Amino acid sequence: MEEKSLQLLKRLCEASGPPGFEDRIRDIYREKMIPLADEIESDGIGNIIAIKKGKGSNPLKVMLAGHMDEIGFVVKYIDDKGFLRLQHLGGFDPKTLIAKRVRVMTRGGDDLIGVIGSKPIHIMNAEERKRLPELDDLFVDLGLSREHVREHVRVGDPVTLAQDFVQIGDFYSCKAMDNRVSIYTLIETMRRLGHHDVDVYAVATSQEEVGLRGAMTAASRIKPDIGVAIDVTLACDLPSAKPEEYVTTLRGGTGIKILDSSFIAAPKLVDAFRDLAERHEIPYQMEILPRGGTDAGGIQRAGEAVPSITLSVPTRYVHSVVETIYGPDLEATVELLVRFIETAHRVNLSY
Ligand SMILES: [Zn+2]
């Protein structure tokens, strides 16, 4: 990936934006979309809608959706020693959380860095060593006195994991690749678009990780003719998984989704994307995700129903701080989306 593109992806991934508290991502999205879009709108749940009109007469509306939020927490309780307890927002595997750093976004505007602590193994009894941690066992240590914590932190303050963006071998790794790769994709797609007849509504959605909430309301407002979500998907090409469990592989190209547990993609859109990838020699793989949803599930059922599909960026270790992607898979996603928008007015969507 180009240096400028990498810097944008790094900035997006390292910024904090748990569900319902996506302001920092909204700011970056607006900043990048102002020179690219004809209009930018927002709505009552925090979606940002960047609109680029097409050249066609009576144009179709194509809604693109990438969710801004990352799995995170809010402070639930501050105990009498100043340790925090957390309410999670989105699906965590608790064993991936122990010994991680977090960022508490305080009302005063400054972030406090903390650590998720646990009892050392040296003083665990046999029963405790066997038991897997649960979210309610976890606490955050801010290294501050109770008085100091109470002065700066309030119940309801948002919390995210803290992690630097790094290159590892051929791959990139950070927290929140899910789903800042989609915000990157929306910005890059708008930047690279050539002639298009359809009107493009590129929506940075809020609150996907807690149930596709922003996508549903955005689709109700826009009433699109076609919905395309962009999200990460599982790449389980790992020593511990069998090939039939991989879902996708890194280096395998962009994922054209057939279904996940939130929706079944419109078959004619699946065919259209596959044909375009073949014609333009864009690396792709077909994807079936047995568990997990995407914004397309929200768009499809909005209003009087919208033919929808998801393009996926294969990602290892999803919902951990080491989410890992392969740059060319992401670039293939952008390229296929650009090609689709330029030809979307010709897609036959009738049932
Ligand atoms: Zn996601």
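A residue counts as buried when its relative accessible area is under 20%. In this predicted model, H67 is buried, and so is D178. Both residues belong to the metal site.

The zinc ion is coordinated by H67 through NE2, by D178 through OD, and by D231 through two OD contacts, at 2.0 to 2.8 Å. Along the chain, these donor residues follow the spacing H-x110-D-x52-D. H67 sits in strand β3 (residues 61-67) and D178 in helix α5 (residues 177-192), so this pair ties together parts that are 111 residues apart in sequence. What is the arrangement of the 4 donor atoms around the zinc ion? It is irregular, because the angles they subtend run from 49 to 142 degrees. Four donors count as tetrahedral only if all angles lie between 85 and 135 degrees. For comparison, the ideal angle for four tetrahedral donors is 109.5 degrees.

The peptide bond from D178 to N179 is cis, with omega near 15 degrees. N179 is found in helix α5. Most peptide bonds are trans.

Now step back to the whole chain. The protein has 9 helices and 18 strands. Its C-alpha trace spans about 65 × 45 × 40 Å along the principal axes. A compact globule of 351 residues would have a radius of gyration near 20 Å; the protein has 21 Å, which agrees. Of the 351 residues, 55% count as buried. Take the contacts between residues at least 6 apart in sequence: 77% of them join residues at least 24 apart.

The largest nonpolar core has 64 residues. Those with the most contacts inside it are Y29, M33, L64, M190, V228 and F340. Which helix gives this core its largest share? Helix α9 (residues 327-343) does, with 8 residues. Another core lies apart from it, with 20 residues, among them V75, F92, V102 and V153.

Beyond its neighbours up to four places away, Y29 touches I48, A50, I183, L186, I187, A202, V203 and A204.

Helix α9 is mostly covered, with 13 of its 17 residues buried. At 1.5 Å a residue, α9 should span 24 Å; its end C-alpha atoms are 25 Å apart, which agrees.

The loops come next. T248 is found in the loop between β13 (226-234) and β14 (254-260). Is T248 buried or exposed? T248 is buried, with a relative accessible area of 2%. Leaving out residues up to four places away, T248 touches T233, L234, A235, C236, D237, Q285, E287 and P314.

R251 lies in the loop between β13 and β14 too. R251 is partly exposed, with a relative accessible area of 48%. Its phi is near 75 degrees, a positive value in a residue other than glycine. A305, in the loop between α8 (295-300) and β17 (308-315), also has a positive phi, about 85 degrees, although it is not a glycine. Most residues other than glycine have a negative phi.

R251 leads on to D170. Beyond its neighbours within four places in sequence, D170 is in contact with R251 and Y326. D170 is placed in the loop between β10 (166-168) and β11 (171-174). With a relative accessible area of 45%, D170 is partly exposed. The C-alpha atoms of D170 and E3 are separated by 15 Å, although the two residues are 167 residues apart along the chain.

Notes: Residues numbered from 1 in each chain as written. Predicted model: local features only at pLDDT ≥ 70, side-chain atom pairs only at ≥ 80, totals over all residues. Heavy atoms only, no water. Core = buried A, V, L, I, M, F, W, Y, C linked by side-chain atoms within 4.5 Å. Buried < 20%, exposed > 50% of the residue type's maximum accessible area, 1.4 Å probe, protein only. Helix = DSSP H or I, 4+ residues; strand = E, 2+ residues; numbered from the N terminus. Contact = heavy atoms within 4.5 Å. Expected span 1.5 Å × (residues − 1). Donors = N, O, S within 2.8 Å, 3.2 Å for Na, K, Ca; no water. Tetrahedral: all angles 85-135°; square planar, octahedral: opposite > 155°, others 65-115°. Rg over C-alpha atoms; globule rule 2.2 N^0.38 Å.
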